[in-house]
Amino acid sequence: MIDLGDWKEPLAPLFADERYQKIRTFLIGEYRSHTVYPDMYDIFNCFRYTPYAKVKAVLLGQDPYHNAGQAHGLCFSVQDGVPKPPSLENMFKELCDDLGYPPAPSGNLTKWAKEGVLLMNTSLTVRAHQANSHANCGWSWFTDAVISLLSERKEHLVFLLWGGNARRKKTLIDEKKHLILECAHPSPLSAYNGFFGCRHFSKTNAYLTAHGIAPIDWNLND
């Protein structure tokens, strides 16, 4: 198991659960017989780059990008040098409209992760060119449990739920302790139905600041 830092204690019961053991057995077979993304050493990057103690916001994606060279364990993020997918382009457009930051040349969101944004997909792996191919292997149980433990153990987090898949997780979150921001998914098919103009980046920082928490630096250009 890779080093997960201060996530080791909160995640220990999940890794010990027989349901996770079934996921692990499934993945061993998948990585041996198919091309699977992200690289097996990057599956838990959302935890590695955002320490448990530093989580300020949670941004949920669906499953990893399924084309070569894109996914690296952070939802919506692509590796340096890879063209930005349409949903990420729309996210950068909304960020510019909201806070004035011009789109960054790279779609790598690692800086956001290090700022305290847990960039977690609801399914952490996918078979190449087959969207949602690992949706039923058990990841939903695992990531739902992560959302629940964050809701229970922490307070004053911001949960960014974009699109129907993410919004269904709302029932796992204690709205009395946290801020939930919902809107349409940033994909070209739905961005004009409420994602554009949502101003979730500035609303996140306003909430954090109001509770004495340092705001997130969303600017990816420096």
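How many nonpolar, polar and charged residues are in the lining of the largest pocket?

## Pockets

The lining of the largest pocket has 10 nonpolar, 13 polar and 1 charged residues. Here Ala, Val, Leu, Ile, Met, Phe, Trp, Tyr, Cys and Pro count as nonpolar, Asp, Glu, Lys and Arg as charged, and the others, Gly among them, as polar. The model is predicted: local features need pLDDT of at least 70, side-chain atom pairs count only at pLDDT 80 or more, and totals for chains, interfaces and linings use all residues. Residues are numbered from 1 along each chain as its sequence is written, and side-chain values use heavy atoms, with hydrogens and water left out.

The largest pocket holds about 470 Å³ of space. Its lining comprises 24 residues, and Asp63, Pro64, Tyr65, Ser87 and His185 are the closest to its centre. A pocket is an open set of points on a 1 Å grid over the protein atoms alone, with protein on both sides within 12 Å along at least five of seven lines; lining residues have an atom within 4 Å of a point.

The second largest pocket has a volume of about 400 Å³. Of its 13 lining residues, Tyr20, Arg24, Met40, Ile43 and Phe44 lie nearest its centre. Helix α2 (residues 18-33) gives the most to this lining, with 6 residues. By class, the lining has 11 nonpolar, no polar and 2 charged residues.

## Cavity

The whole structure has 1 cavity of 30 Å³ or more. A cavity is a set of grid points where a 1.4 Å probe fits but cannot get out. The largest cavity holds about 50 Å³. Its lining has 9 nonpolar, 2 polar and no charged residues. Among the lining residues are Pro64, Leu119, Met120, Asn121 and Leu124.

## Strand β2

Strand β2 (residues 57-61) is largely enclosed by the rest of the structure, because 5 of its 5 residues are buried. Buried means under 20% relative accessible area, with a 1.4 Å probe and protein chains only. Ala57, Leu59 and Gly61 point one way from β2, and Val58 and Leu60 the other.

β2 and β3 run parallel, joined by 5 bridges. β2 also pairs with β5 (residues 158-162) in the parallel sense, over 3 bridges. Pairing takes at least two DSSP bridges between two strands. Val58 has Leu118 as its bridge partner in β3 and Phe159 in β5.

## Ser123

Ser123 sits in the loop between β3 (117-121) and β4 (126-127). Ser123 is buried, at 5% relative accessible area. A polar atom of its side chain lies 3.5 Å from the backbone oxygen of His134.

How values were computed: Helix = DSSP H or I, 4+ residues; strand = E, 2+ residues; numbered from the N terminus. Buried < 20%, exposed > 50% of the residue type's maximum accessible area, 1.4 Å probe, protein only. Polar contact = N/O pair within 3.5 Å; in protein donor to acceptor, adjacent residues only side chain to side chain. Points joined across faces, edges and corners; volume = space filled by probe spheres on them.
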